[in-house]
Amino acid sequence: MKTKAVFSRGLMGSAAALALLAGGMARAAAYQDAAQDAAAQADGSAVLDDIVVTGSRIRRGTAETAQPIISLGSQALTDRGNISAAELLNQITSLTPMLNQADGSGESSGTGQQAPQLLGMGPGRTLTLVNGRRFVTTSSGLADAQVDANIIPTGLIERVEVVQAGGAAVYGSDAIAGVVNYILRKDFEGVELDGQTGISSRGDYATYSLRGTFGKNFADGRGNIAANVEWSKSPQLRFSDRPRTNLARLTVTNPENTGENDGIPSVMEIFDAHFWPFNPNGIVFNIPAPLDFMLTKVNGSAVQFGKDGSLIPYDPGTIHNIPFASGGDGFRYSNLLGLRTGVERLTTNVIGHYEISDSITLSTELLYARTKGESLPQGISRTVLNTTSPVLGSIGFNRNNPFLTQETIDALSAANAGFASGGNLYLSKYFYDLLPSGMQENTTDTYRAQIGLDGDFYVGDRNFYWSASISHGRVEGKERLWQPHTQRFNNALSAVRDGSGNIVCAINADGISTNDDAACAPINPFGDGNVSQAARDYVSIMTGTDYVNKQTDALLTIGGSLFTLPAGDLQFSAAYEHRDERVTFTPMEANQLGLFGVGGREVPQSGQYNTDEFSGELLVPILGEGFNLPGAQSLELSGAFRYVDNSLVGTEKVWNVGLSWEPVDGVLLRGSRSRNFRAPTLAQQVAPTAVSYDSTGYDPCDADRIAMGTNPAVRRANCEALFAAHPEWGNLADFQSSSENFQIAEITTGGNPDLKNEVSKTWTYGIVLQPRFIPGLTIMADRIEIDLRDGLEAFTTENFAAACFDSPDMPEEYCNAFQRLAVGSDGMAGGSIISGRTTTVNAGIVRYRGEVYTVNYLVPLESIFANSNPGRLELGLEATHTSLLTTEVTGSFFERKDNTALQPEWTVRFDARYGYGPFRFTYQLFYMDKVKAKPDATIENNPNPIIASNMTHSISAQYTIGNMELRAGVSNLFDKQPSYPSIGYGDILGRRFYVGARVRY
């Protein structure tokens, strides 16, 4: 039985009238099909003649494809206890795992959406299809065009096919690294109920999944309708919930370092790291600057407020620099962000088809899905780290503040004469008690309806097939986060006693009276948990942005056999596609009015574009059965061409040509050359502008970073020239950029209307072996080479700075994207970056080099054991080898991801599946090679330059009793943690158990 995944006639793509040069490589996938026989039989999948395989729209008598394809069936969901399509895809070695997990850099754990990305090239370069058709984009902001895997109905998945490398000539924009195609079940009849629950060995991370699938054939089997409803939930995790992340590890300047070649790292590890300048109780400073000698001291000890608001001693710990210390009473580093985003998903689907006649079938797909992500972002603080900001800086208070006890006033007056005479001291504090909730919620509602007709007709004795469909998708997304109203927050912090002795809001220094505001309630900032409910209600406002993505897509296709050559039929497929994309961004009122933060106003924006696309494919058999030569059992040429007219970015022409050659039975050689492209998304072009204060990431001129980068000599020379021109900034060798860790930089985020298409050229070539002397064994190996120019990259201030200082000519377009502090003050180093930009740019060249390998072996147990029914044993090995993945900007700045935790050199999965009657047992090993901590990591700049390899093991078992299937499994059997010191290179969740049951009627 051939086992390549298929589209049914009722669920194919639709198409139009134009035969252009196109292709697919005959016979290549026929070998791959045999390799996947066992998996498909276990899945219970059926294969039809004359089918369409991902990567081509040409129907063929067997599944034939040009590019290397990985296929996972629905049985893999059960074997691994997956509760979402995202988890299923994480098993494929060429796909970067989708985790919704923070990386420890200060970035949040994600919105809850999870989109596939092939070959480490970013999710925007992997095209997602459902039954061979485009799907409306679910992402927002500066994100790439992504489709959230959480909306895919696992109860309807027949299999997922992943085309590795290319596909734009057949499917259009975004298919650069490849294509992920979810193929849904057809002709489902009966009732299937499924439930599963899981928990970690630490007693947390409880997961739940419920789903029901219902289907019915009607009209004597000419029609079928199926519905699926499913819900699943996985919880949020904090850094304190796992041993590795609870280490609160980070690196600081190493005082023992003596130079660039002494074998001593420029940075060192610290543990139990704290931000010593602030905590939730509030630390007292003499001046609003993060200098330890400016801590207010009572009886020789620094002081803070106790939880109840009383004055108590403060232990800053072992201070290493600003703002970090080991131990002490400061704010613990691991409490800054959440580790994992909690995800709750609900998806409902109806799919159906009806044969109107023997030659025409009507089909439809209806979907509604909701994904809700809950994450913990950086919270609200007023600290001395923001010395110049009246909004984010520390809170000044004097002896007249009515929330201070007399005992506290006396102690602070004795410690500071200025305070005793009515001057200010300064409170540096992180607020846990200011807002109703510190969680950020991202909710996405997706609606999609598709209707299509497809059929066939004859011209003479030749059969032609056609399809016409239209789909409309709408995504309504919203982000919600409580924030303090800036003016009200400042109002409420100014408190006095009225004539009756009640504590009320005072008249602010700007002359605005808040006593006239009946809602104003004063805030007690001293201690933790002392903000009244009235004050919380007064200060808190809901912030966020709503966005709507719309996509209408009409597709017409026609295909068939043009004429017969000596080696077989010359086949074609032609298509016309019209697509309309629209996006609207609507910030909430608080965002539009700039009521929180630094007061930056966000403006509603919208945009749209449409495309007209013509494409075609040809499949030309040169040699084949009945017409071959010695050393050539078969030889086929394939080609594809696509012309795209985009109303915003103009026209594009992409193509693919390929050749497959079977010199002898059991050996097939294949290769292809293609030109692919990706158009900028509307979000990347018109995302609304927003201004906020944030840290800038690494500064290339910082003493800890100046020896890093791919051009450290160029970086050093440029930084030396800059500091020579600004002697007031001090010695470059001692420069510590304040904006690396402090939220002092004004960052402008927004779209870039000047973007253009990125374009890639791709080679694939490989071999498929099916040795006749080892029945059941198939080996496939394919080389992939991608060269991309004008790459669309999301650039942060850190990226702009690196591109500037690592380039000999320091390009203005990068160097002008940020500015530095002219004069240092209050502990802020002169030269620190104080403003920057985050946007999308066409950032040069991306190159990928690597291979994908697949080995499948159906062990002939019946020939090994005398027992006539010894069961079925399947062994599988899948590996991805990446030798190069690099981004080049302006010809000088390189960002390498290969051989790092972002894209390891080797990723390997091994599976063993054994079935005997109603019993099934599976084992899986997942391995990642050792990597560098960073592309330029050496012992000189990193105390742990190498991250060790990581290997996890998982097992599961299933047993069928009548119409009930019971299952149980253990993921990460030996509780293997990520390789030190990484928190993401491996499985941070640890050992997990799950049990489930499925009932079929």
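**Reading contacts and surface patches**

Mentor: Arg678 is buried, and so is Glu758. Buried means under 20% relative accessible area, exposed over 50%, and partly exposed in between (1.4 Å probe, protein chains only). Please note that this is a predicted model, in which local features need pLDDT of at least 70, side-chain atom pairs count only at pLDDT 80 or more, and totals for chains, interfaces and linings use all residues. Residues are numbered from 1 along each chain as its sequence is written, and side-chain values use heavy atoms, with hydrogens and water left out.

Trainee: In what kind of contact do the side chains of Arg678 and Glu758 meet?

Mentor: Side chains of opposite charge can pair when their charged atoms come close. Arg678 and Glu758 form a salt bridge, at 2.7 Å from N to O; the term requires a side-chain nitrogen of Lys or Arg within 4 Å of a carboxyl oxygen of Asp or Glu. This pair links distant parts of the chain, 80 residues apart: Arg678 is in strand E36 (residues 667-678) and Glu758 in strand E39 (residues 758-769). Helices (H or I, at least four residues) and strands (E, at least two) are DSSP runs, numbered from the N terminus.

Trainee: How many salt bridges does the count come to?

Mentor: The count comes to 47 salt bridges. One of them joins Lys307 to Asp528, with the closest N and O atoms 3.2 Å apart. Lys307 lies in the loop between strand E16 (301-305) and strand E17 (311-313), and Asp528 in the loop between strand E30 (503-505) and helix H9 (533-539), so the pair ties together parts that are 221 residues apart in sequence.

Trainee: Is Lys307 buried or exposed?

Mentor: Lys307 counts as exposed because its relative accessibility is 54%, whereas Asp528, with a relative accessible area of 15%, is buried.

Trainee: Which residues do ring pairs link into a cluster?

Mentor: The cluster consists of Phe275, Phe278, Phe324, Phe331, Tyr333, Tyr430 and Tyr432.

Trainee: Which residues gather in a patch of negative charge on the surface?

Mentor: They are Asp187, Glu189, Glu355 and Asp358. Patches are made of residues with over 30% relative accessible area and no salt bridge; like charges are joined within 9 Å, and nonpolar side chains (Val, Leu, Ile, Met, Phe, Trp, Tyr) within 5 Å. Lys and Arg count as positive and Asp and Glu as negative, while His and the chain ends are not counted; the place of a charge is NZ of Lys, CZ of Arg, CG of Asp or CD of Glu. Asp358 sits in the loop between strand E22 (342-357) and strand E23 (360-375), and is exposed, with a relative accessible area of 80%.

How values were computed
Accessible areas come from the Shrake-Rupley method with a 1.4 Å probe; for residues, only the protein chains shown count as cover. Rings of Phe, Tyr and Trp (its six-membered ring) pair if their centres lie within 6.5 Å; planes under 30 degrees apart count as stacked, over 60 as edge-to-face and the rest as tilted.
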